[in-house]
Amino acid sequence: MSKHLIIKGREVVEDDWQVLRLAEPVEGAPVVDPATVAVPEGKFIVPLSLWLAQRDVLAARTAAGEIAVWIASDERPETLKGLLDQFPLIAVDFPKFTDGRGYSIAYNLRTRLGWSGELRAIGDVLRDQLFSMQRVGFDAYSVRADRDVHDALKGLSDFSETYQASVDQKVPLFRRHLRPVAAAANNDGAGI
């Protein structure tokens, strides 16, 4: 079986990680308890709720670089404050293309919590999102399975310039480009 391809940096590479997802709740069925879910051998990106419930059990595998976490769009990245250095990567889940909460999670991980490791977008990730995802700090992308990862890669260079400041560009465009001001146009209020 061939490995899943992802975008890492600006290259398409084979992914040696698997994403572990908990079963979606079904009405009338018992809810899956993250503390009871077995994590198979190998390199897995597990739900934050599972890692928090099994932190002690997974400690050796986490320290060995075999366990990473993914944050759901309704979870807070601050939960990992002081714990970030344990993980080889952090992923943020986009349950739907239209759910933008993952952008805020990524921005906060980079700017407020100081995460400098791999930050991966997973879930309903499409080409149209990649440029904006890169702006808030994502550097790896697991594109939806029904889309061409090589075509999605082009989404990282859809635009040549950005106007707003963000993680990737701290200074807005109007501050980056100085325009000479003619003396006659410089109304400094002296004639008032």
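I began with strand pairing. β1 and β8 run antiparallel and are joined by two bridges. I counted strands as paired if DSSP finds at least two bridges between them. In β8, Y141 is the residue opposite I7. β1 also runs antiparallel to β2 (residues 11–14), this time with four bridges, and L5 faces E14 of β2. The hairpin of β1 and β2 has two residues between the strands, and G9 has a positive phi there, near 70 degrees.

A note on the ground rules. This is a predicted model, where local features need pLDDT of at least 70, side-chain atom pairs count only at pLDDT 80 or more, and totals for chains, interfaces and linings use all residues. Residues are numbered from 1 along each chain as its sequence is written, and side-chain values use heavy atoms, with hydrogens and water left out. Helices (H or I, at least four residues) and strands (E, at least two) are DSSP runs, numbered from the N terminus.

Next, the charges. I found 13 salt bridges in the structure, taking a salt bridge as a side-chain nitrogen of Lys or Arg within 4 Å of a carboxyl oxygen of Asp or Glu. One of them pairs E118 with K8 at 3.1 Å, N to O. This pair links distant parts of the chain, with E118 in strand β7 (residues 118–123) and K8 in β1 (residues 5–8), 110 residues apart. For exposure I used relative accessible area: buried is under 20%, exposed is over 50%, and partly exposed is in between (1.4 Å probe, protein chains only). E118 is buried at 11%, while K8 is partly exposed at 42%.

Which other residue does E118 meet in a salt bridge? The partner is R120, at 2.9 Å, N to O, and both E118 and R120 are buried. A network of salt bridges links K8, D15, E118 and R120.

I also checked D93, which has a salt bridge to R21 with the closest N and O atoms 2.8 Å apart. D93 lies in strand β6 (residues 89–94) and R21 in the loop between β3 (18–19) and β4 (44–47), so this pair too spans distant parts of the chain, 72 residues apart. D93 is buried at 8% relative accessibility, and R21 is partly exposed at 41%.Then R61, in helix α2 (residues 59–63). R61 is buried, with a relative accessible area of 13%. Contact here means heavy atoms within 4.5 Å. Setting aside neighbours within four places in sequence, R61 is in contact with residues including V39, P40, F44 and E66.

Helix α4 (residues 127–135) got its own look: Q129, L130, F131, M133, Q134 and R135 are buried. What covers the buried residues of α4? The cover includes β1, β6, α3 (101–111), β7, β8 (140–141) and α5 (149–153). G137 follows α4 and has a positive phi, near 120 degrees.

Last, the nonpolar core, meaning a set of buried Ala, Val, Leu, Ile, Met, Phe, Trp, Tyr and Cys residues joined through side-chain atoms within 4.5 Å. The largest has 38 residues, and L80, I90, L109 and F138 have the most contacts inside it. The largest share, four residues, comes from α3. Leaving aside neighbours within four places in sequence, L109 is in contact with residues including I71, P77, W115 and L119. Another core of eight residues lies apart, and W17, I45, A68 and A91 are among them.
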